[in-house]
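I opened the model to look up a handful of residues and the way the chain is packed. My notes follow in the order I made them.

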Amino acid sequence: MSNAAVSGLPIGRGLLCLIVAGAAWGTAGAAASLVYRASDMGPIALSFWRCAAGFVLLLAVRLLRPRPLRGTGASEPLGRKVLRAGATGIGLAVFQTAYFAAVDATGLAVGTVVTLGAGPVFIALGARLTLGERLGRGGVAAVAGALAGLAVLALGGEGATVRPLGVLLALVSAAAYSVMTLLTRKWGRDGGTDAASTSLWAFAVTSLSLLPFALAEGLVPHTTEPVRLGWLLIYIAAVPTALAYALYFAGAAAVRSATVSVIMLLEPVSAAVLAVVLLGEHLTTATLAGTLLMLGSVTGLALAEARGAGRLPA
């Protein structure tokens with residue numbers, strides 16, 4: 001049986017969902033930078049408001065359209081819904097919080113390259129051991145190319161300081177992301193999942209998990225530009241959160257886990273482009289080379305995934 005048959009989403013559409021989600025995630029970094037410029041909001045508080053507001057937006061959509069299309073997820077047992085929401089929400093909370101802590105401990109470059117670089121490796125190994133998914137030679141080459149591009153993109157333009165605690169936190173973040181991806185893939189293969197419901201209740205769990213840490217950091221920011229800050233927070237909640245995660249969970253249920261992890265590396269590509277266009281950062285040789293390497297790897301792996309889906313029996 002093909003991936004599309006068990007998940008309810010064609011491979012091509014799943015790939016498109018992941019590409020849009022990865023690009024949208026990349027805009028969160030630029031928006032967060034603007035939030036920090038406009039206020040004294042901390043990263044954990046920003047993560048809390050991002051998930052809490054995303055939950056409210058998805059809940060509003062859910063109430064306007066209470067029944068999922070074609071009955072998707074309607075027959076899913078309540079116990080499984082609770083387990084899926086809890087596991088995904090906790091995984092998302094650990095993923096985001098550990099990443100922010102890694103960046104604080106060892107810097108943005110090292111924190112990013114370890115978290116996003118270890119993710120595809122963890123997922124490829126986990127998918128092979130738990131789901132029986134194989135990358136193949138082309139997939140291994142694509143993952144290697146993507147990781148090389150990520151390393152050039154993150155480390156090529158500046159001197160990086162590696163601190164063991166920061167690396168450990170980044171690995172914890174990557175592990176949480178990997179578990180979340182593998183579980184989403186497994187539930188997609190089992191059938192009967194609803195990506196919108198997963199996103200909605202995962203955000204609720206994540207928000208509750210982050211609330212005490214956000215309160216300790218400072219939940220309400222001080223700002224002289226409340227209108228600008230408000231629009232930035234609305235954008236972060238709507239596009240790189242509610243929309244992007246709904247697309248991510250839908251695509252991750254239909255596409256091989258290792259492919260998901262590599263396509264999600266579009267996030268730093270998108271962030272690098274926005275840093276040049278919106279934040280005035282310089283386009284260095286390392287930025288250009290890393291971006292081209294990663295885009296080429298993502299494109300090659302996506303084409304291989306689409307070709308492989310076409311050969312699978314229905």
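**Thr27 and its surroundings**

I started at Thr27. Setting aside neighbours within four places in sequence, Thr27 is in contact with Tyr235, Pro240, Ser270 and Leu274. Contact here means heavy atoms within 4.5 Å. I then looked up where Thr27 sits, and found it in helix α2. Helices are DSSP runs of H or I with at least four residues, strands are runs of E with at least two, and both are numbered from the N terminus. Thr27 counts as buried because its relative accessible area is 14%. The cut-offs are under 20% for buried, over 50% for exposed and in between for partly exposed, with a 1.4 Å probe and protein chains only. The side chain of Thr27 also reaches the backbone oxygen of Ala24 at 2.6 Å. I read that as a polar contact, defined as a pair of N or O atoms within 3.5 Å; within protein, one must be able to donate a hydrogen and the other to accept it, and residues adjacent in sequence count only if both atoms are side-chain atoms.

**Ground rules**

I noted that this is a predicted model, where local features need pLDDT of at least 70, side-chain atom pairs count only at pLDDT 80 or more, and totals for chains, interfaces and linings use all residues. Residues are numbered from 1 along each chain as its sequence is written, and side-chain values use heavy atoms, with hydrogens and water left out.

**The chain as a whole**

How many helices and strands does the chain have? I find 12 helices and zero strands. The chain has 314 residues, and 50% of them count as buried. I also checked contacts between residues at least 6 apart in sequence: 91% of these join residues at least 24 apart. The chain exposes about 14,500 Å², and carbon and sulfur atoms supply 70% of that area. The areas come from the Shrake-Rupley method with a 1.4 Å probe; for residues, only the protein chains shown count as cover.

**Nonpolar cores**

Next I looked for nonpolar cores. A nonpolar core is a set of buried Ala, Val, Leu, Ile, Met, Phe, Trp, Tyr and Cys residues joined through side-chain atoms within 4.5 Å. The largest has 35 residues, and Tyr177, Tyr245, Tyr248, Val260 and Met264 have the most contacts inside it. The elements giving two or more residues to this core are α2, α3, α4 (78–106), α5 (108–131), α7 (164–190), α8 (195–217), α9 (226–252) and α10 (257–263). A second, separate core has 16 residues, including Met41, Ile44, Phe48 and Ala93.

I took a further look at Tyr177. Beyond four places in sequence, Tyr177 is in contact with Phe95, Gly119, Ile123, Tyr248, Val260, Ser261 and Met264.

Thr241 is in helix α9. Is Thr241 buried or exposed? Thr241 is buried, because its relative accessible area is 0%. A polar atom of the Thr241 side chain lies 2.6 Å from the backbone oxygen of Ile236. With neighbours up to four places away left out, Thr241 is in contact with Arg50, Gly54, Phe203, Ile236 and Ala246.

Leu233 is also placed in helix α9. At 22% relative accessibility, Leu233 counts as partly exposed. Leu233 touches Val35, Met41 and Leu46, not counting residues up to four places away. Leu233 and Ala53 are 180 residues apart in sequence, yet 8.4 Å apart in space, C-alpha to C-alpha.

**The loop at Gly42**

Gly42 lies in the loop between α2 (11–38) and α3 (43–64). Gly42 counts as buried, at 13% relative accessibility. Outside four places in sequence, Gly42 is in contact with Tyr36 and Glu217. From Gly42 to Ala214 is 172 residues in sequence and 8.2 Å in space, C-alpha to C-alpha.

**Charges and cysteines**

I counted one salt bridge, meaning a side-chain nitrogen of Lys or Arg within 4 Å of a carboxyl oxygen of Asp or Glu. Arg228 forms a salt bridge with Glu225, with the closest N and O atoms 3.5 Å apart. Arg228 is partly exposed at 36%, and Glu225 is partly exposed at 32%.

I found zero disulfides, a disulfide being a pair of cysteine sulfur atoms within 2.5 Å. Cys17 counts as buried at 11% relative accessibility. Cys51 counts as buried at 1%.
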